Amino acid sequence: FVDGVLLAAAFLTDIHLGVVTAIAIAAHEIPQEVGDFIVLLHSGFSRRRALIFNVISSLATLLGAVLAYLWLADVQHILPYVLAVAASSFIYVAVADLIPGLHQRSEAKHTAQQIVLISCGISLIYFSHLSMH
């Protein structure tokens with residue numbers, strides 16, 4: 001649901017921001033949904049039932065996007081605050097979930113790989129920002 005709110009806020013702010021946000025959410029959600037599907041399969045769900053449950057839970061994003069679009073179109077002055085809350089939730093996920101995983105592999109090879117990948121991510125954001133202007 002929150003992803004949908006973020007998408008609506010991003011598209012209402014700027015079409016380019018909306019596209020980049022949609023790509024970021026898809027990059028996060030697709031692996032998560034595959035993981036959820038596997039968890040449901042291992043919990044005894046049939047493939048069909050697991051897929052149905054996954055699709056139903058994903059519809060919350062669509063619902064959030066539609067409701068937020070209808071609501072935020074009338075109160076655009078709060079868009080910066082909605083975006084700030086959404087961005088902070090992404091930062092929280094990175095800090096709480098991803099960074100501790102980075103510390104589990106402290107060999108020099110893995111540290112160098114992590115630095116390269118983080119640098120690539122920062123570069124991607126920087127260059128996508130440059131291409132928008």
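**Stop 1**

Select H1 and H4: H1 passes H4 in a left-handed crossing, meaning that the near helix is turned anticlockwise from the far one by less than a right angle, clockwise being right-handed. Helices here are DSSP runs of H or I with at least four residues, numbered from the N terminus. This is a predicted model, in which local features need pLDDT of at least 70 and side-chain atom pairs pLDDT 80 or more, while totals for chains, interfaces and linings use all residues. Residues are numbered from 1 along each chain as its sequence is written, and side-chain values use heavy atoms, with hydrogens and water left out.

The axes of H1 and H4 cross at roughly 130° and come within 9 Å; axes are lines fitted to C-alpha atoms, for helices over the stretch in contact, with angles from 0 to 180 degrees between N-to-C directions. The two helices are therefore oblique to each other, the class left after under 35 degrees (roughly parallel), over 145 (roughly antiparallel) and 65 to 115 (roughly perpendicular).

Next, display the side chains in contact (heavy atoms within 4.5 Å). On H1 they include Val 5, Leu 6 and Ala 9, and on H4 they include Val 82, Ala 86 and Phe 90.

**Stop 2: H1 by itself**

Select residues 2-13. The end C-alpha atoms of H1 are 16 Å apart, which agrees with the 16 Å that its twelve residues should span at 1.5 Å a residue; the expected span is 1.5 Å times one less than the number of residues.

How many of the twelve residues of H1 are buried? Nine are, and H1 is mostly covered. Buried means under 20% relative accessible area, exposed over 50% and partly exposed in between, with a 1.4 Å probe and protein chains only. Among the buried residues are Asp 3, Gly 4 and Leu 12. The buried residues of H1 pack against H2 (15-42), H3 (47-72) and H4 (79-103).

**Stop 3: H3**

Select H3, whose 26 residues reach 38 Å from first C-alpha to last, close to the 38 Å expected. Colour Ala 50, Asn 54, Gly 64, Ala 65, Ala 68 and Leu 72, the buried residues of H3. These pack against H1, H2 and H4.

**Stop 4: the aromatic pairs**

Finish with the two aromatic pairs. Rings of Phe, Tyr and Trp (its six-membered ring) pair if their centres lie within 6.5 Å; planes under 30 degrees apart are stacked, over 60 edge-to-face, and the rest tilted. Phe 45 and Phe 53 are edge-to-face, at 5.2 Å centre to centre and 80° between the planes. Phe 53 counts as partly exposed, at 38% relative accessibility.
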